[in-house]
Amino acid sequence: MVSYILKRLLSAIPVLLGITIIVFLIMSLIPGDPATAILGSYATPENVEKLNRDLGLDKPMVQRYFIWLGNMLTGDFGRSFSLNRPVIDEVLERFNATLILAGTAFTLCSLLGILAGVVSAARQYGFADKAITFVVLIGISVPSFFLGMMMILLFAVNLRWLPVSGMFAIYGGGDLPDLIRHLTMPALALAAVATGVIARLSRSAMLEVLRQDFIRTARAKGVPERRVIMGHALRAAMVSIIPILGIQAGFVLSGAVYIEIVFQWPGVGRMLVDAILKRDLLLVQGGVVIVAACYVLFNIAVDVAQSLLDPRIKT
Amino acid sequence: MSAFFKLLFRNRLAAMGAVVLSAILLLVLITPILPLNDPDVTATADRFKRPFSEGHLLGTDHLGRDLLSRLLHGTRLSLAIGIAAALIAATIGSAIGIIAGYFGGRTDNIIMRGVDMLMAFPYILLALAIVAALGPGLMNALIAVAAVNVPFFARNIRGITVGLAGREFIDAARLAGMGHSRIILTELLPNVLPVIVIAMSTTVGWMILETAGLSFLGLGSQPPQADLGSMLGEARSAMISHPHTSIVPGIMIFLIVMSINLLGDGVRDALDPRLRSGALSRPRATTLVERVGDTPAATDDLLAIQDLETQFHVGQRVYRAVGGVSLAVKPGECLGVIGESGSGKSVTALSVMGLVASPPGVITGGAVRFQGEDLIGAPYESLRRKRGDRVAYIFQDPLSTLHPLYRIGQQLAEAIKSHHKVSNAEARERAIQLLNDVRIPNAEARVDNYPHEMSGGMRQRIGIAMALANAPDVIIADEPTTALDVTVQAQILTLLDDLRRDRGLAIIFITHDFGVVAQLCDRVAVMYAGRIVEEGPTQVVLDAPAHPYTKRLIACVPELGGGRRELDAIPGLPPVVDDLPAGCAFAPRCDKAQDTCRAGTIALAGPSSRAVRCLYPEEAI
């Protein structure tokens with residue numbers, strides 16, 4: 001198992017390099033003078049000249065890439081001009097908030113989605129199945145940002161159950177109950193679409209498995225039906241559900257950008273959008289590379305989980 | 001094609017999606033000629049008018065602009081941008097996919113590596129990076145969304161192209177001296193095009209949503225021009241005081257995405273043949289029972305199947321898989337049930353414990369009595385308590401009948417623990433004992449193996465060990481040796497025979513092989529088209545088969561050392577059981593058939609232990 005994890009980690013290196021190359025190439029699409037673009041239109045000529053020298057923009061592209069890569073490997077992602085602090089500090093701080101939001105949403109959508117899929121499959125064509133199918137259809141059709149706005153209207157403005165936005169109350173907040181109160185709506189809004197997708201695919205994965213011969217064997221043994229469904233069938237279905245979870249994690253992370261805007265959540269997505277609007281390109285570049293790298297590592301974790309579940313995968 | 005549309009529109013939800021989507025498309029197409037206010041003319045005096053106010057059907061926004069007009073123009077823009085992005089992504093992605101798939105080798109390798117890299121990004125990061133480099137704006141958002149979706153098309157189309165590139169017509173074109181670009185354009189593209197169109201139709205809704213999302217973030221369309229996303233984005237600041245400005249564009253996005261989803265689901269279902277046949281239905285925990293008529297009275301047999309009728313209901317069709325079968329076993333007895341595939345022998349066996357997959361299976365008549373108690377229609381829990389404990393099954397093909405993700409020991413232990421309260425250690429001990437009983441060498445180590453780590457013969461022994469786990473009274477073995485080679489088969493049969501003698505076990509042995517029956521069974525019943533056509537003591541039936549079908553079936557078995565005997569396959573095929581002929585089902589294949597054979601039902605008749613269902617039997621009984 002350890003050697004399998006090491007092998008998967010090694011195989012991530014070319015992917016990570018590829019990500020840096022792609023980001024580098026995209027950033028070289030910037031029309032006009034990059035230093036002006038990076039510093040924004042308010043930059044003084046001295047600053048532009050200094051940045052050009054710092055970035056080595058007089059050097060050839062390949063050389064520039066390796067300088068950039070070398071700097072990143074030592075943890076130097078440059079300085080954000082709009083915030084006047086190192087990019088890495090800002091990204092890590094914001095990423096923390098995103099992880100809380102996206103992590104909660106991902107846990108929610110995995111649990112709810114699989115549960116809904118299992119119930120739906122076990123009660124195929126029954127009332128529960130029809131109700132779940134209907135809710136899921138609505139869930140995957142509402143854009144998460146619209147859903148978030150409607151939730152604010154209903155639960156925060158009209159019913160006053162939950163705070164409108166932010167991560168903590170400005171006065172007297174900061175503890176865990178306060179965080180949970182602020183987290184509930186954005187996490188649910190972010191989880192909605194992914195829950196629907198996971199529920200649908202879990203349902204069909206379960207139906208596929210329930211027709212297999214080994215389910216009949218379990219029933220012939222006299223295994224109680226609850227255990228046939230939650231044990232035998234779900235375990236086999238997880239083999240096809242886990243890769244879906246990996247893909248959905250990417251969508252949850254993407255959706256977090258919208259939800260962070262709607263709920264004023266101080267995460268990396270909102271930071272990226274602000275940075276784009278302020279043309280703070282070093283911040284965008286650093287944020288994209290760091291988040292993408294984390295996503296690659298997460299997918300390795302998914303692969304490892306899969307190999308733990310399925311003994312037929314060669315480790 | 002018209003059959004496809006018929007299927008599609010029989011799905012009411014898909015039809016609804018089509019109607020909503022068509023209505024929206026029609027509305028945006030005629031938007032320019034509708035008598036609407038100018039969407040960009042501001043009137044600060046008329047700010048935030050509520051819906052249904054005079055002159056503004058949907059009210060006005062924060063600058064007093066007419067919401068209805070802005071909505072229709074915004075929808076028009078959103079749809080146009082989404083479709084344009086889909087077209088661009090499809091064109092570029094497909095071109096990349098076709099080139100990679102057609103040229104193969106290093107070109108393919110390098111291109112696909114790049115595609116994999118792009119797919120390693122959560123899509124929004126890539127889109128944000130592109131917008132960051134190019135700057136916010138509708139055109140740049142369109143480019144970003146298209147670019148993000150290029151890998152999807154490249155990968156799908158490459159897969160199709162690789163399959164096509166190896167085909168003869170491409171080789172022929174090459175030999176005819178056609179250049180690469182001509183082959184791609186005239187030979188490959190027409191074949192790939194339908195796949196491109198389908199892939200596009202499934203992603204276009206997604207791309208509409210993505211561009212709306214970028215606009216919502218303020219990175220797409222810039223004021224005063226508005227698509228649905230930016231309408232929603234601008235309305236957000238006034239959401240609490242004037243929610244209608246947010247709700248109007250939000251609901252439009254919802255309607256568009258939902259109608260595309262419904263339509264897409266409908267298309268997918270209509271194209272999937274498994275849904276039509278009902279093959280995607282989940283089998284219930286026990287077979288459905290819809291019994292009509294009286295239940296036969298109890299007998300003193302250990303297990304008695306009485307006038308059992310099991311049918312498969314598929315759509316309007318009724319397949320009478322088992323049409324009134326009676327069988328019985330006493331302790332220590334082995335009964336063989338023999339027949340061709342499709343004769344109903346397995347369905348009979350599975351009906352006993354309610355294991356026929358249902359839907360589509362339904363037990364419509366008769367009884368199955370275990371020690372006098374009727375199991376058909378018994379409550380689930382009472383049936384479950386007997387499954388594996390009193391009546392156990394051994395199935396064919398243990399690779400698919402054992403759970404692939406549980407260890408052998410766990411599966412054996414579970415069989416015990418489903419019926420008896422024992423500790424894990426005890427259950428494991430018992431599992432090892434069972435493996436020894438079925439003569440698995442090195443049982444201590446094997447108990448921790450997974451099924452895929454064992455050979456076919458070993459797995460079959462596991463299946464037997466599992467059936468023996470609770471020392472049942474009856475074992476129903478459904479072709480347990482069919483998948484095995486001859487030596488292993490002989491070992492398994494000897495094993496079963498020993499167990500029967502040692503433990504007084506009753507066995508119902510289902511097979512299509514008379515050789516196996518001769519070796520193991522005391523009595524044999526021959527099934528054809530869901531009915532028993534002959535039964536009797538094994539040796540008697542073998543020596544003097546009375547039914548023409550039995551005779552032909554026995555003639556099919558090659559005899560070892562019996563010299564050259566003609567292998568006499570039976571001409572024709574068994575009948576399909578949804579449309580059985582009146583009278584003898586074998587008559588169409590029988591060379592002795594008379595008109596009377598086709599006239600009416602023929603009874604199974606004979607002295608107590610011997611019976612045949614034939615008007616002109618081969619031997620008097």
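The following paragraphs lead through a predicted model of two chains, A and B, from the fold of chain A to the contact between the chains and on to selected local features.

Chain A is built from twelve helices and two strands. Followed along the sequence, its elements occur in the order α-α-α-α-β-β-α-α-α-α-α-α-α-α. The C-alpha trace of chain A extends over about 80 × 55 × 35 Å along its principal axes. Between strand E1 (79-80) and strand E2 (85-86) of chain A lies a loop that contains Asn84(A). The backbone of Asn84(A) has a phi near 55°, a positive value in a residue that is not glycine.

Side chains of opposite charge can pair when their charged atoms come close. Arg94(A) and Glu90(A) form such a salt bridge, with 3.1 Å between the closest N and O atoms. Over all chains, the structure holds 37 salt bridges.

The contact between the chains comes next. Chain A contributes 75 residues to it and chain B contributes 76 residues. Together the two chains bury an area of about 6800 Å², and carbon and sulfur atoms account for 71% of this area. Polar interactions are also present: 23 residue pairs are in polar contact between chain A and chain B, counting pairs in which both residues have pLDDT 80 or more. Helix H10 (residues 225-262) of chain A supplies the largest share of the side of chain A that touches chain B, namely 15 residues. Sorted by class, this side of chain A comprises 52 nonpolar, ten polar and 13 charged residues. Three salt bridges are found across the interface of chain A and chain B. In a salt bridge between the chains, Lys221(A) pairs with Glu414(B), and the closest N and O atoms are 3.2 Å apart.

Two packed helices are described by the angle between their axes and the distance between the axes. For helix H2 (residues 12-30) and helix H3 (residues 67-103) of chain B, the angle is about 105° and the axes lie 9 Å apart. H2(B) is therefore roughly perpendicular to H3(B). From H2(B), the contact draws on Ile24(B), Leu25(B), Leu27(B), Val28(B) and Leu29(B), while H3(B) provides Leu72(B), Thr75(B), Arg76(B) and Leu79(B). Of the residues in this contact, seven are nonpolar, one is polar and one is charged.

Chain B also contains cis peptide bonds. One joins Pro223(B) to Pro224(B), with omega at about 5°. Pro224(B) sits in the loop between helix H8 (180-216) and helix H9 (228-235) of chain B. Another cis peptide bond links Ser358(B) and Pro359(B), where omega is about 5°. Pro359(B) belongs to the loop that runs between helix H12 (345-352) and strand E5 (361-370) of chain B.

Note on methods
Residues numbered from 1 in each chain as written. Chains lettered and ligands numbered in written order. Predicted model: local features only at pLDDT ≥ 70, side-chain atom pairs only at ≥ 80, totals over all residues. Heavy atoms only, no water. Contact = heavy atoms within 4.5 Å. Buried area = accessible area lost by both parts, 1.4 Å probe. Salt bridge = Lys/Arg side-chain N within 4 Å of Asp/Glu carboxyl O. Polar contact = N/O pair within 3.5 Å; in protein donor to acceptor, adjacent residues only side chain to side chain. Helix = DSSP H or I, 4+ residues; strand = E, 2+ residues; numbered from the N terminus. Nonpolar A, V, L, I, M, F, W, Y, C, P; charged D, E, K, R; others polar. Axes fitted to C-alpha atoms, helices over the stretch in contact; angles between N-to-C directions. Parallel < 35°, antiparallel > 145°, perpendicular 65-115°, else oblique.
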